[in-house]
Amino acid sequence: MSFTEKDIEALAKKFYSIEAKATALTGEYEYNFKLAAADGRKYILKLASDEHSHAFFDAQVKILQHLSASEVADKFYKHIPSVHGEYLVSINLKNKSYFLRLLTFLEGEFWIELNNKPDSLHIDLGRFLGKMDKALKNFSHPAMHRYYLWDISHAADANRKLSCIKNHEQRRIAGYFLLQFETEVLPLISSFRHAYAHHDANDTNILVKDGRISGLIDFSDMVHTALINNVAVACTYAMMNHPEPLRAAMLLVKGYHQSYPLKAEEVNVLYYLIAARLCISVAQSAYNASIATNNEHHFISEKPAWDLLTKLIRVNPVKAQNEFRKACGFTEAISNEGYQTLLSERNNHVGRNLSISYKKHIKIIRGALQYLYDDKGNTFVDCVNNPSHVGHCHPTVVKRMQKQLAVLNTNTRYLHDNIVEYARRLTSRLPASLSVCYFTNSGSEANDLAVRMSRHFTKQKDIIVLDHAYHGTSTVAMEMSPYKFDGKGGFGKMPWIHKALNPDLYRGPYKYGDNSAGKKYAQDVQLIIENLEKENKSPALFICETLLGVGGQMPLPPGYLKEVYRYVRAAGGVCIADEVQVGFGRVGDAFWGFELQQAIPDIVVMGKPIGNGHPLAAVVVTNEIAEAFNNGMEYFNTFGGNPVSMATGLAVLDVIEQEEMQQHAKETGEYLIGGFKKLMNKYAIIGDVRGHGLFIGVELVKDRSTLEPAVPEINMVVERLRERGYLLSTDGPLHNVLKIKPPLTFNKHNADELLHYAEEAFKELYGSC
């Protein structure tokens with residue numbers, strides 16, 4: 001039912017003896033009208049249906065009466081009694097019950113309308129809210145003990161509406177923050193101080209006059225909740241559209257603490273409470289859009305809320321906690337001490353040949369999709385951690401893993417649906433001939449098993465690998481990894497290992513522009529086979545990454561695998577595609593790297609991204625190979641194929657498919673490759689830019705003619721980028737290739753920043769062409 005301004009004027013005259021002109025205002029739950037009387041006085045008249053309880057409106061009357069005796073009494077409107085002395089009038093209009101209230105009018109500009117909000121105003125807002133909450137310390141009303149979807153304590157319920165958010169990146173960010181709320185806040189919040197709180201100090205409820213807070217309106221969101229939630233709501237809106245959001249919140253907290261001291265445990269989780277409030281808001285807006293509501297109030301904060309959430313995920317939670325603690329005078333959360341003690345302990349108790357990245361070491365303590373947070377308050381964009389394929393702590397993967405872990409984890413000697421379902425789903429993404437799965441815990445272990453199966457199938461021992469290849473850290477995997485056995489501390493090549501020429505189109509004998517390069521490089525494999533034949537041998541297997549990783553982040557020449565596989569199979573060998581670093585949509589144009597070559601292997605080995613960092617790997621083989629391997633000796637792997645790992649693998653597949661990550665990798669990767677190629681035209685140090693999707697290599701050289709590797713220059717570039725918050729590493733036989741394989745959540749904004757900072761580094765260190 002709607003009401004005209006004439007209807008409202010009549011109600012004002014009948015129940016309050018006020019003759020005034022009515023003007024409709026916006027409202028979410030009530031009809032709101034401004035009344036301008038002939039004597040110049042102004043009022044607000046509120047009309048609400050009985051869908052809301054009489055008790056709750058009574059609570060609004062009572063809380064304002066309580067505040068009228070406080071030192072901030074002038075900041076609130078007052079209820080005006082009707083001609084019958086009632087502050088809350090029950091009326092019946094057109095066979096429906098309504099509640100009528102008349103309020104005094106507060107002067108001032110709304111916070112949202114201000115172009116300039118100085119630091120002093122944020123502090124003043126905090127002081128005012130602290131005084132209000134302190135005044136309400138002894139207030140109570142049973143109607144405020146209610147379930148309310150905007151109550152931050154119930155933020156986890158917003159998960160039910162995440163499916164209404166259609167943008168994959170936005171849904172992922174909201175899901176991440178709700179996961180953090182459940183992890184960091186929910187176990188603690190019941191132990192926090194609780195209060196009868198306004199809970200909606202938003203930018204359309206706060207009034208400002210003469211540079212000071214002049215009023216707070218609209219108590220329709222009031223609820224009995226954790227006291228810190230009231231601060232979190234105010235911080236959320238103070239941060240919106242502010243050039244320094246964290247500073248805005250810090251100033252408010254500082255002012256609040258001066259009026260009504262906060263506790264350390266409350267401010268420690270304030271960052272997550274702010275994020276949770278934003279998640280409630282955006283999830284509710286998405287839900288409202290899904291039911292086609294036409295109430296503009298339902299969407300008023302949607303864009304600024306998304307803008308702030310996107311900024312907030314780039315704020316290290318430790319930095320936020322530290323700023324809030326400093327504002328309250330608590331001990332800081334960030335220590336300036338170095339890592340000497342930790343390094344010493346690590347050196348004493350952890351293997352000494354585990355390397356640590358970067359000259360200035362980083363202690364990473366949290367991850368959020370494509371972002372990593374250290375203990376010093378810094379945020380880094382992860383450009384190289386490809387096992388976290390769908391993003392660090394992706395909420396879908398984490399929750400599915402947690403749920404299964406809480407139910408059962410055991411071995412494969414018992415029947416369980418997960419292993420069968422995952423094997424079915426995984427093989428559905430492969431050529432029909434690859435139909436049988438074996439599950440392990442790492443890519444090294446999977447490669448080891450693939451070799452064992454190939455040798456059993458062919459009754460041969462010799463292995464053909466590519467020079468500079470790396471296939472893992474087990475004994476067998478090391479034996480077939482020239483990157484290791486030819487390197488420092490290596491044991492040299494075993495007689496049954498045969499190195500084929502690395503098909504490098506940049507440095508090799510057959511280069512870009514040679515349309516026959518793939519066949520020419522394949523001839524080197526055929527030559528190895530012919531030499532084996534002279535010894536009355538044949539290869540057990542040929543194994544190759546479908547895009548070369550430590551070989552230089554190098555796509556294979558067109559037609560290479562197809563030709564090699566033909567030679568190997570003709571000699572009776574098995575063809576293994578190592579997809580440990582390549583597979584699951586990373587290359588964009590295909591789900592698997594071997595698909596780029598129009599070739600079908602006999603065995604596919606998977607690891608790293610398959611479990612998004614969870615220890616999971618797989619070997620998928622033809623039925624013929626599986627039957628031969630089933631020779632009476634049981635294959636058993638204590639943890640391989642366990643229900644938790646299978647649930648994790650299923651979740652990763654779901655996320656890749658539902659969030660269209662393969663297409664995202666293609667579009668973002670092409671954008672980033674294109675950006676580096678533009679830089680290549682400006683900076684001679686860039687010798688080659690190559691890759692597919694988000695599997696990218698940028699090779700740096702001192703001279704484009706001699707191809708002298710730009711070492712140590714490349715290390716300086718990596719360190720410069722680390723200083724600017726972008727984590728990369730180097731790779732390639734000559735250690736002069738920038739390795740770029742970020743989580744697939746990496747976006748075009750990240751790409752733009754990476755290109756900008758990379759150009760700064762190139763310009764600073766080496767100048768342009």
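These legends describe close-up views of a predicted model. Residues are numbered from 1 along each chain as its sequence is written, and side-chain values use heavy atoms, with hydrogens and water left out. Local features need pLDDT of at least 70, side-chain atom pairs count only at pLDDT 80 or more, and totals for chains, interfaces and linings use all residues.

**View A. Helix α4 crosses helix α9.** Helix α4 spans residues 168-189, and helix α9 spans residues 302-312. Helices here are DSSP runs of H or I with at least four residues, strands are runs of E with at least two, and both are numbered from the N terminus. The two helix axes come within 11 Å and cross at roughly 65°. Axes are lines fitted to C-alpha atoms, for helices over the stretch in contact, and angles run from 0 to 180 degrees between N-to-C directions. That makes α4 roughly perpendicular to α9 (65 to 115 degrees; under 35 is roughly parallel, over 145 roughly antiparallel, and the rest oblique). The crossing of α4 and α9 is left-handed: the near helix is turned anticlockwise from the far one by less than a right angle.

**View B. Side by side in the contact of α4 with α9.** From α4 come Gln 170, Arg 171, Ile 173, Ala 174 and Phe 177. From α9 come Trp 306, Leu 309 and Leu 312. Contact means heavy atoms within 4.5 Å. By class, the contact has 6 nonpolar, 1 polar and 1 charged residues.

**View C. An open sheet of 4 strands.** The strand order is β24-β25-β28-β27, with antiparallel pairing. Strands pair if DSSP finds at least two bridges between them. β24 (686-692) and β27 (729-731) stand at the edges with a single partner strand each, so one side of each has no neighbour in the sheet. From one strand to the next, the twist averages 30°. β24 and β25 pair over 6 bridges. His 692 stands opposite Phe 695 in β25.

View D. Pro 712 lies in the loop between β25 (695-700) and α22 (713-723).

**View E. Positive phi at Leu 369 and Lys 608.** Leu 369 has phi near 60° and sits in the loop between β12 (364-368) and β13 (371-374). At 1% relative accessibility, Leu 369 is buried (under 20% relative accessible area; exposed is over 50%, partly exposed in between, with a 1.4 Å probe and protein chains only). Lys 608 has phi of about 35° and belongs to the loop between β22 (603-606) and β23 (617-622). At 33%, Lys 608 counts as partly exposed.

Definitions and conventions: Nonpolar A, V, L, I, M, F, W, Y, C, P; charged D, E, K, R; others polar.
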